[in-house]
Amino acid sequence: MTDKTRKIFFGITIVVPILLYCGYYYGMMVKNAPYRFTDFQYFRLEYGLNDSLVNKYNSKTGNYQYETTGGHIKQLNMKLSKDNLLYLHRKAADLGFWNFPEQEKGDSKKPAPKYLIEFVYKEKSKKVYFDQNYDGDPSLKDANMRLIKEIQKVLDEREESLVK
């Protein structure tokens, strides 16, 4: 085998398949690219004890309804700023929200808070139903709780700024 044919053989058997695989792999990554903030439309959060999701927020309408410690339902209209929405979008991306399973249910016999989180974009949306009794992967449960705390923190700060 001459030196020239050895190079051709090497190129055909090793380099070409690697290049084809890279093209396929990165093509799939671009096709399934993370959700972009430029396509973001709104998010909503619903939560409550057991199946009564009485506490609700929708960033599109600004409607915020929650149950006070006294058991009364309080309703307000508060829009979040673009910075707040960008912060929540990035926090969801950092925590891997797009890879969460849609249903994360736990033991239904024990009363526990349940959450519905949905991020809606122009062409895609992601909705996750999370039960705080979820007995699956602990890191997934932790990521859900961290995202919920971040959303709640932003809502609380916005409500506090409206009261002042």
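This is a predicted model: local features need pLDDT of at least 70, side-chain atom pairs count only at pLDDT 80 or more; totals for chains, interfaces and linings use all residues.

Seven strands make up an open sheet with mixed pairing, and their order is β4-β3-β2-β1-β6-β7-β5. At the edges lie β4, residues 73-77, and β5, residues 103-104, each of which pairs on one side only. Helix α2, residues 82-94, packs on this sheet and touches β1 and β6; the direction of the helix makes about 110° with that of β6. As a general point, strands of a sheet pair through backbone hydrogen bonds, in either the parallel or the antiparallel sense. Here, β6 (residues 113-121) and β7 (residues 125-131) are antiparallel partners, joined over seven bridges. Within that pairing, Glu118 has Lys127 of β7 as its bridge partner.

Next, consider Phe119, which also belongs to β6. Is Phe119 buried or exposed? Its relative accessible area is 0%, so Phe119 is buried. Among the residues that Phe119 touches are Phe40, Tyr42, Phe43, Leu88, Ala92 and Trp98.

I now come to charged side chains. In general, side chains of opposite charge can pair when their charged atoms come close. How many salt bridges does a search of the whole structure find? The search finds eight.

One of them joins Arg44 and Glu118, with 2.5 Å between the closest N and O atoms. This pair links distant parts of the chain, since Arg44 lies in strand β1 and Glu118 in strand β6, 74 residues apart. Both partners are buried: Arg44 has a relative accessible area of 17%, and Glu118 has 9%.

A second example is the pair Lys7 and Asp3, whose side chains meet at 3.8 Å, N to O. These two residues are four places apart in helix α1, and therefore about one helical turn separates them. Lys7 counts as exposed at 58% relative accessibility, while Asp3, at 48%, is partly exposed.

Phe10, Ile14, Val15, Ile18 and Leu19 make a nonpolar surface patch of about 450 Å². Ile14 is found in helix α1, residues 3-31, and is partly exposed, with a relative accessible area of 38%.

Thank you for your attention.

Methods. Residues are numbered from 1 along each chain as its sequence is written. Side-chain values use heavy atoms; hydrogens and water are left out. Two strands pair if DSSP finds at least two bridges between them. Contact means heavy atoms within 4.5 Å. Axes are lines fitted to C-alpha atoms, for helices over the stretch in contact, and angles run from 0 to 180 degrees between N-to-C directions. Patches are made of residues with over 30% relative accessible area and no salt bridge: like charges are joined within 9 Å, nonpolar side chains (Val, Leu, Ile, Met, Phe, Trp, Tyr) within 5 Å. Accessible areas come from the Shrake-Rupley method with a 1.4 Å probe; for residues, only the protein chains shown count as cover. A salt bridge is a side-chain nitrogen of Lys or Arg within 4 Å of a carboxyl oxygen of Asp or Glu. Buried means under 20% relative accessible area, exposed over 50%, partly exposed in between (1.4 Å probe, protein chains only).
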